[in-house]
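Come along and check each entry against the picture.

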Amino acid sequence: MKKVIIIGATSGIGRALATHYAQNNWLVGITGRRKALLDELQQAYPANIVRECFDVTGTDNIAHLQFLLQQLGGLDLLIYNSGIGDPADELDITIDLNTTKTNVLGFVEIVNFGYNYFAKQGHGQIAAISSIASIRGNSFAPAYSASKAFVSNYMEGLYIKTKKQQRPIIITDIQPGFVQTAMAKGDGQFWVSPLEKACQQIVQAIARKKRIAYISRRWRLIAGLMKILPISIYKKIA
């Protein structure tokens, strides 16, 4: 039985992924801040899901991970899905610090641990939920776009490291556009993917060992456009 840990599985994409893997006979370790939601998911799939309640901005991330690893008896896939980001007209230090703690500090501590675990084990896959927002800065949520840029660049660095070290660790950077979840905030949303469709495409990308996956796939067009759009034009829409 294959084993996966999903960091941030109480709702949205993380919960949908946990449900998918449990239904497909994986042993699934789930984490999140809201214990009641974790318990609810575990009770729905008691033979396939184990849970550990913690906040990635805390100080005991590795201890929680090690506990889950013991419960699972190993690991094949680590998915980092925890992420927050609130748009605001004014620059809010509380939003920016909370976003950075979750999307950057929590991410790097857990993924760093996962990489070294897989390096010692000799195989494994790390998938991180980044965002199309990682490509350029955004005036409404500058910390969010910057934090997702950190995620995508860190994952690229890990990919290069696996090649230099010749280690069979798969690195998959998932970059969704708008998905129908509570995380999709703000005006001007378009090409909003239903949660089920997004989950299916993420699972496929992970199974196919993609380096980068845009969710849904047509967001590749927006990604390409954003990369080349002059700042004189981009600043009017961001």
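**Entry 1: charges.** I began with the charged side chains: the protein chain carries 27 positive and 16 negative ones, and the centres of the two sets are 12 Å apart. I noted beside this that the model is a predicted one.

**Entry 2: overall build.** I looked up the secondary structure next and found eight helices and seven strands in the protein chain. Along the principal axes, the C-alpha trace spans about 55 × 40 × 35 Å.

Entry 3: How much of the protein chain is buried? I wrote down 47% of the 238 residues.

**Entry 4: strand 1.** I moved on to strand 1, residues 3-7, where five of the five residues are buried. Which way do the side chains point? Lys-3, Ile-5 and Ile-7 point one way, while Val-4 and Ile-6 point the other way. I reminded myself that side chains in a regular strand alternate between the two faces of the sheet. Strand 1 pairs with strand 2 (residues 27-32) in the parallel sense, over four bridges. I picked out one partner: Val-4 is bridged to Val-28 in strand 2.

**Entry 5: Asn-25.** I found Asn-25 in the loop between helix 1 (12-23) and strand 2. Is Asn-25 buried or partly exposed? Its relative accessibility is 48%, so it counts as partly exposed, since the exposed class starts over 50%. Beyond its neighbours within four places in sequence, Asn-25 is in contact with Met-1 and Asn-48. I also checked Leu-69, 44 residues away along the chain: its C-alpha atom and that of Asn-25 are separated by 17 Å.

**Entry 6: Thr-102.** My last stop was Thr-102, which sits in helix 4 (residues 93-121). With 9% relative accessibility, Thr-102 counts as buried, the cut-off being under 20%. What does Thr-102 touch, setting aside residues up to four places away in sequence? I listed Val-56, Thr-57, Tyr-80, Ser-82, Gly-83, Ile-84 and Phe-107.

Terms used. Residues are numbered from 1 along each chain as its sequence is written. This is a predicted model: local features need pLDDT of at least 70, side-chain atom pairs count only at pLDDT 80 or more; totals for chains, interfaces and linings use all residues. Side-chain values use heavy atoms; hydrogens and water are left out. Helices (H or I, at least four residues) and strands (E, at least two) are DSSP runs, numbered from the N terminus. Buried means under 20% relative accessible area, exposed over 50%, partly exposed in between (1.4 Å probe, protein chains only). Lys and Arg count as positive and Asp and Glu as negative; His and the chain ends are not counted. The place of a charge is taken as NZ of Lys, CZ of Arg, CG of Asp or CD of Glu. Two strands pair if DSSP finds at least two bridges between them. Contact means heavy atoms within 4.5 Å.
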